[in-house]
Amino acid sequence: MSTGLAPLVTWRPKRGPLDNCGLLFYFPAMAATATPELRPGVVETPKDKPGSGLEPGYLVICWNDPVNFMDYVTHVFQLVFGWPRKKAEFHMLQVHEQGKSVLTRESLEKAEHYVHQLQRYSLHATMERDE
Amino acid sequence: MKLIRSTKETLVFQLGPREKHVLLEVLKLYPKIPPAHQPLSKSARLPEQEASQRLLDDALAEQRVENKAQVQRLLSDPRRFATHEKGWRLSLSRPEVEWLLQVLNDIRVGSWLMLGSPEGRIEVLTEQTAPHVWAMEMAGAFEIAMLQALEGGSEK
């Protein structure tokens, strides 16, 4: 996902005569000779810095347990995420049948917020880093 | 516990004398989930995980203190329950019902944890397990009544 700040332009030094001359000295800092290469549709983003907390790379997961009622889980999903009933039911059934459901993929801070909300309602929820 | 009136703002339940007694006794058990019980993550791969875990535990603990105070206010408020020929009427705003659901589910899940997190039903009651089974089932029964009332939603 784009951060909105990523450059759309990549820079490549223009090949000059010195490139093929076989000599060992080279002037890499000749910015004036560089030309922009525009590649439509390619967005290059800076590598995610682990721990920056800004990249949406954390999964909020709800795990199955035999104690929470299915209707209660559906209700809490609607409340916490503002989902329509059908979507909340879909995730509740996924928890029930598959043992867990990935509810959302968020930035570190948002994922923490959602886990807190779900745990307030005593649901078995955690966040995991998305690899 | 039966819903007898529902508006956009308020839900009115009717309770028999024994139901009222049971509801109040169940609410006195709050909180039942032990502090710092839930991990923030199952893996140890979050940045500053220990600090984040502490923050989560603190936030949940603070929430429990607030909830406990609110439960005590509810239990000691004589105007909350109005007498009626068939027992009692309990009026709650919708946010209060949402909050009570949270409280009741803490009691239900906490009781289940006290029982050793069993996968199935507890078939044999003992002196040790009976109070937890009772609390779990009663809290669950009130939860279901409240969920149905919230979902029944429209004015009656």
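**Two chains in a predicted model**

Asn67(B) lies in helix α2 of chain B. The position belongs to a predicted model. Asn67(B) is partly exposed, because 18 other C-beta atoms lie within 10 Å, and a residue counts as buried at 20 or more. Leaving aside residues up to four places away in sequence, Asn67(B) touches Tyr30(B) and Val103(B). Val103(B) is 36 residues from Asn67(B) along the chain.

The C-alpha trace of chain B spans about 55 × 40 × 30 Å along its principal axes. Chain B has 156 residues, and 25% of them are buried. Contacts in chain B were also examined by sequence separation. Of those between residues at least 6 apart, 70% join residues at least 24 apart.

Chain A contains three helices and five strands. Along the sequence these elements follow the pattern β-β-β-α-α-β-α-β. Of the 131 residues in chain A, 25% are buried. Among contacts in chain A with a separation of 6 or more, 68% involve residues 24 or more positions apart.

Two helices of chain A pack against each other. Helix α1 of chain A covers residues 70–81, and helix α2 of chain A covers residues 85–98. Their axes are 8 Å apart and meet at an angle of about 130°. The two helices, α1(A) and α2(A), are therefore oblique to each other. The crossing of α1(A) and α2(A) is right-handed. On the α1(A) side, the residues taking part are Met70(A), Val73(A), Thr74(A), Phe77(A) and Gln78(A). From α2(A), the partners include Arg85(A), Ala88(A), Glu89(A) and His91(A). Met92(A), Val95(A) and His96(A) in α2(A) also take part. By class, this contact holds six nonpolar, four polar and two charged residues.

The two chains also touch. In this contact, 26 residues of chain B meet 22 residues of chain A. On the chain B side, three helices each supply at least two residues: α2 (49–76), α3 (94–114) and α4 (130–152). Which helix gives the most to this side of chain B? The answer is α3(B), with six residues. The residues of chain B that touch chain A divide into 12 nonpolar, eight polar and six charged.

The average pLDDT of chain A is 74, and 58% of the residues score at least 70. Residues 1–36 of chain A stay under 50 in pLDDT. For this stretch, the model has 26 contacts beyond four places in sequence. Residues 42–51 of chain A also have a pLDDT below 50. Beyond near neighbours in sequence, residues 42–51 have 14 contacts in the model. Where pLDDT is low, predicted coordinates should not be read in detail.

Notes: Residues numbered from 1 in each chain as written. Chains lettered and ligands numbered in written order. Predicted model: local features only at pLDDT ≥ 70, side-chain atom pairs only at ≥ 80, totals over all residues. Buried ≥ 20, exposed ≤ 12 C-beta atoms within 10 Å, placed from the backbone. Contact = placed C-beta atoms within 7 Å. Axes fitted to C-alpha atoms, helices over the stretch in contact; angles between N-to-C directions. Helix = DSSP H or I, 4+ residues; strand = E, 2+ residues; numbered from the N terminus. Parallel < 35°, antiparallel > 145°, perpendicular 65-115°, else oblique. Left-handed = near helix turned anticlockwise from the far one by under 90°. Nonpolar A, V, L, I, M, F, W, Y, C, P; charged D, E, K, R; others polar. pLDDT = per-residue confidence, 0-100.
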